[in-house]
Amino acid sequence: MSPEATARFVRALSDIVGKAHVFTDPDMTARYVIDWTGRWHGGTTAVVRPGRTEEVVGVMRLCREFGIGVVAQGGNTGLVGGSIPMHGEIVLSSERLDAIEAVDPIARTLAAGAGTTVAEAQTAAQRVGLTFGVDLASRDSATLGGIVATNAGGVRVIKYGDTRAQLLGIEAVTSDGSVLTRWKNFTKDNVGYHLPGLLAGSEGTLAVITKVLMKLHVPPTRTEVMLAGVETIESALALTDALRRAGLTIEAAELMTDDGMTLVLQHRKLRHPLGDSAPYYLLVEASGSPDVATVLLETLEQAGDLVVDATLEHGDRLWEFRESHTESVNAASVTPPVKLDVATPVAELESFIGVLRREIDSVFPSVRLIVFGHLADGNVHVNLLDADPAVAQRITEFVFELVVAHNGSISAEHGVGRSKAPWIHLGRSAVDIDLMKAIRHGVDPAHILNPHILPANSAPPTAVARSSARIPPR
Ligand SMILES: Cc1cc2nc3c(=O)[nH]c(=O)nc-3n(C[C@H](O)[C@H](O)[C@H](O)COP(=O)(O)OP(=O)(O)OC[C@H]3O[C@@H](n4cnc5c(N)ncnc54)[C@H](O)[C@@H]3O)c2cc1C
């Protein structure tokens, strides 16, 4: 776009949302064009912060008229580079779409703007004695629009399912400025395609989500947290199963390794929570009995040799060891860590991690491997520290091929975004990819919604391609 056209475009944006909510100054846009991992640095024509759905409509119509790409952004905590404009697209930030409109304790639903954070939704639910069923360590920044757009998982999937499973309704603006509203605060509404489900996981490629209607849940009356050191993943799975068979409800079941624990202890200056270290640690939060602690203790006793050492606690302190992993990994790596969120069938997890460890040690000896994740979902976060950017691609490919050999998925919960787009064929068949492209083309024929992520179906709009000259060098 010529400088004159850009100036006209920015003026028109200001007319829609107000001058105070359009940023073009690089100091003001800086935090919107770099991702949480530090891996993706982009550049943008403008950051726009609409405060109402009507303003989103105006912005989308304008972008379509000018052929400008749009990257929707929530808390910018995504780990696959999908929220970063790499080709001069505008950033449409949901920061000001943050009103909690209603919390219905009878229907058990929460209606809120897409920019509401997960932590705010959790607090609003707690105020009426309910619980919000999505929880993740990025809760203070990650938004409801973001968790829907990525179909986020997190630590409560084992009990409540992923975000899609808890999404009842949606309001979203398509690329031509139409407003899609599916809004029924009950589950049984079977009229045609489930469009909210389609938008869940669409990563900003089908529409800009402006409001969401989420299910809430009755919280457990009492929970206890157990941390157990175990020799093998098989033991961790057997212990989780024994707890279930003892009548407990598993609220969360997380896996850590001794390397990861050591990193956290160093970074957070914490003391080891157990008397003896172990190759793996299982963190379980359990409920479902008036005396959860006793059932946990009895089950641990019966587990015998399965467990090296264990401790119980009522409260959140043991969670710190698990939740500090991501920041400890980031702090410890001399290069931006390669972070790969993958899943295998639970029965294949032990073999997958074993082969991965051996092969990384022998083929990439200078790279450190830290694995942790959501055990019961077979979902592990593979973190490769100190990986020279020149070999990052080769390591990624190697890990994904190993995942496929173990019948797994190359993206368990973070989505595809930019970082996994080249390998999407490892996760989906050609027919599947073509169908996704056809849906995308049908919904966004101008191809302006996050045009460079997921399987792109055509060349991006020319204005966007030309504006890529504005990207600062990486
Ligand atoms: C410490 C840490 C822990 C994490 N733990 C987990 C975890 O346990 N499970 C998990 O699944 N993820 C996890 N994540 C990843 C991340 O928090 C999630 O992907 C989250 O859903 C992103 O929300 P966000 O608001 O930050 O979205 P962003 O990062 O801003 O955007 C992510 C994607 O969604 C799109 N998008 C955002 N808002 C909208 C909107 N309103 N309309 C349309 N598209 C939109 C963007 O275009 C982009 O493609 C973690 C991240 C960190 C930093």
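Predicted model: local features only at pLDDT ≥ 70, side-chain atom pairs only at ≥ 80, totals over all residues.
Helices here are DSSP runs of H or I with at least four residues, strands are DSSP runs of E with at least two, and both are numbered from the N terminus. Residues are numbered from 1 along each chain as its sequence is written.

R108 sits in the loop between β5 (100–104) and β6 (109–113). Its phi is positive, about 55°, although R108 is not a glycine. Most residues other than glycine have a negative phi. Is R108 buried or exposed, or something in between? R108 counts as partly exposed, because its relative accessibility is 38%; the scheme is buried under 20% relative accessible area, exposed over 50%, partly exposed in between, with a 1.4 Å probe and protein chains only.

N450 is another one: not a glycine, yet with a positive phi of about 40°. You'll find N450 in the loop between α15 and α16 (462–467). With a relative accessible area of 1%, N450 is buried.

Next up, α10, residues 292–303. This helix has twelve residues and spans 16 Å from first C-alpha to last, close to the 16 Å expected at 1.5 Å a residue; that expected span is 1.5 Å times one less than the number of residues. Its buried residues are V292, V295, L296, T299, L300 and A303. Look down the axis and those buried residues fall within an arc of 135°, so they line one face of α10; the arc is taken from the directions from the helix axis to the C-beta atoms. On the other side, E301 and Q302 are exposed. And what does the buried set of α10 pack against? Its partners are β11 (224–230), α8 (233–245), β13 (280–287) and β14 (307–313), with contact meaning heavy atoms within 4.5 Å. Just past α10, G304 has a positive phi of about 55°.

We use a 1 Å grid over the protein atoms alone: a cavity is a set of points where a 1.4 Å probe fits but cannot get out, a pocket is an open set with protein on both sides within 12 Å along at least five of seven lines, and lining residues have an atom within 4 Å of a point. The second largest pocket holds about 920 Å³, a volume being the space filled by probe spheres set on the points. Its lining has 37 residues, with R164, G201, V416, R428 and M436 nearest the centre. α15 (430–443) gives the most to that lining, six residues.

V416 counts as buried, at 14% relative accessibility.

The largest cavity has about 50 Å³ of space, and D35, T37, R39, W40, L79, P337, K339 and S419 line it. L79 belongs to the loop between β3 (70–73) and β4 (90–93). Between L79 and D35 there are 7.6 Å, C-alpha to C-alpha, for a separation of 44 residues in sequence.

Key. Heavy atoms only, no water.
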